Structures are given as structure tokens and as C-alpha cells.
Amino acid sequence: QVQLVESGGGLVQSGGSLRLSCAASGRTFSNYAMGWFRQAPGKEREFVAAISWSGGTTRYADSVKGRFTISRDNAKNTVYLQMNSLKPEDTAVYYCATDRSSTVSSRSSHADRYEYWGQGTQVTVSS
């Protein structure tokens, strides 16, 4: 079984920054790609970013490209999401998830590709 625990969410003003962390345990973290998704009230869960097992390949949703950066530290079994220039429309619960694959592709944006999910962390951006 895999456990994922997100942290780092909170309330921030528009234009501000937050760094989310997702700590993994339960299996070899470095073997798998990881992803971040988010879900706003009344909306479906949407893809935010993904990173390959090595960190060498990343993929982003168009809505966050240039503002968010995904990274990972395999020695710490942790994946990060640095969020800059935050906007009110970024308000959502953010989830990390483990991919069934080690690589990133166009399918990395599909939630059904992911096997395990964290409980989520709330990010609220005020205008």
C-alpha cells in the first residue's frame, strides 16, 4: 500500500506563491512518475502537472504553464509543486498521485492513469 501526504496549502493573496509537498511511503518512490491534480468546488478534478521518475521530463496544464514548477527529490520520497503568480482561479484542493508508469506522456493528464492519491491540501487565493 502507498501513502501520500500533501502539505503546504493555505491562504495567499493574488500574485503570491506557495510550495506544496507530497511525501510518499510504502513502495519505491523513484520507480514511478508523479502527478498533481486539483479540484475546485463544483468542478471536475483537473490535471496540473506531472514529472517522470527521474525528474527529467515534466508536463503542465496550459493554465499553469510558466507559473508552476513540479520537481521531486527521490532521496526524500517527496514531490513538490512550486506555485507562483497565483490567481483566484487557482483556488482548489490540490492532490498528488502516483502514476502506474515511470514516464510522462500526453496521457499523464488522465486521472485514470494514476493509482494512489493523497487526501489533498486546500489552496485559497484571494483577490
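Trainee: Is Asn 77 buried, partly exposed or exposed in this predicted model?
Mentor: In this predicted model, Asn 77 sits in the loop between β7 (68-73) and β8 (78-83). Its relative accessible area is 26%. Buried would need a value under 20% and exposed a value over 50%, so Asn 77 counts as partly exposed.

Trainee: What is the phi of Asn 77, which is not a glycine?
Mentor: Asn 77 belongs to the loop between β7 and β8. Although the residue is not a glycine, its phi is positive, at about 55 degrees.

Trainee: Where does Ser 85 lie, and what is its relative accessibility?
Mentor: Ser 85 is not a glycine either, yet has a positive phi of about 50 degrees. The residue is placed in the loop between β8 and β9. Ser 85 counts as partly exposed, with a relative accessibility of 42%.

Trainee: Which residues does the disulfide join?
Mentor: The cut-off for a disulfide is a pair of cysteine sulfur atoms within 2.5 Å. By this rule the count is one disulfide. Its S to S distance is 1.9 Å, and the residues joined are Cys 22 and Cys 96.

Trainee: How many residues apart in sequence are the parts that this pair ties together?
Mentor: The link of Cys 22 and Cys 96 is right-handed, with 55 degrees about the S-S bond. Cys 22 lies in strand β3 (residues 18-25) and Cys 96 in strand β9 (residues 92-99), so the parts tied together are apart in sequence by 74 residues.

Trainee: Are Cys 22 and Cys 96 buried or exposed?
Mentor: Cys 22 has a relative accessibility of 0%. For Cys 96 the relative accessible area is 0%. Buried means under 20%, so Cys 22 and Cys 96 are buried.

Trainee: Over the face of which rings does Arg 45 lie?
Mentor: The distance from Arg 45 to one ring centre is 4.0 Å, and that ring is Tyr 95.

Trainee: How many charged residues line the largest cavity?
Mentor: A search of the whole structure finds one cavity of 30 Å³ or more, and the largest cavity has a volume of about 40 Å³. Its lining includes Val 2, Phe 29, Met 34, Thr 98 and Arg 27. By class, the lining has five nonpolar and three polar residues, and the number of charged residues is one.

Conventions: Residues numbered from 1 in each chain as written. Predicted model: local features only at pLDDT ≥ 70, side-chain atom pairs only at ≥ 80, totals over all residues. Heavy atoms only, no water. Helix = DSSP H or I, 4+ residues; strand = E, 2+ residues; numbered from the N terminus. Buried < 20%, exposed > 50% of the residue type's maximum accessible area, 1.4 Å probe, protein only. Lys NZ or Arg CZ within 6 Å of the ring centre and 35° of its normal. 1 Å grid on protein atoms, 1.4 Å probe; cavity = no way out; pocket = protein on both sides within 12 Å on 5 of 7 lines; lining within 4 Å. Points joined across faces, edges and corners; volume = space filled by probe spheres on them. Nonpolar A, V, L, I, M, F, W, Y, C, P; charged D, E, K, R; others polar.
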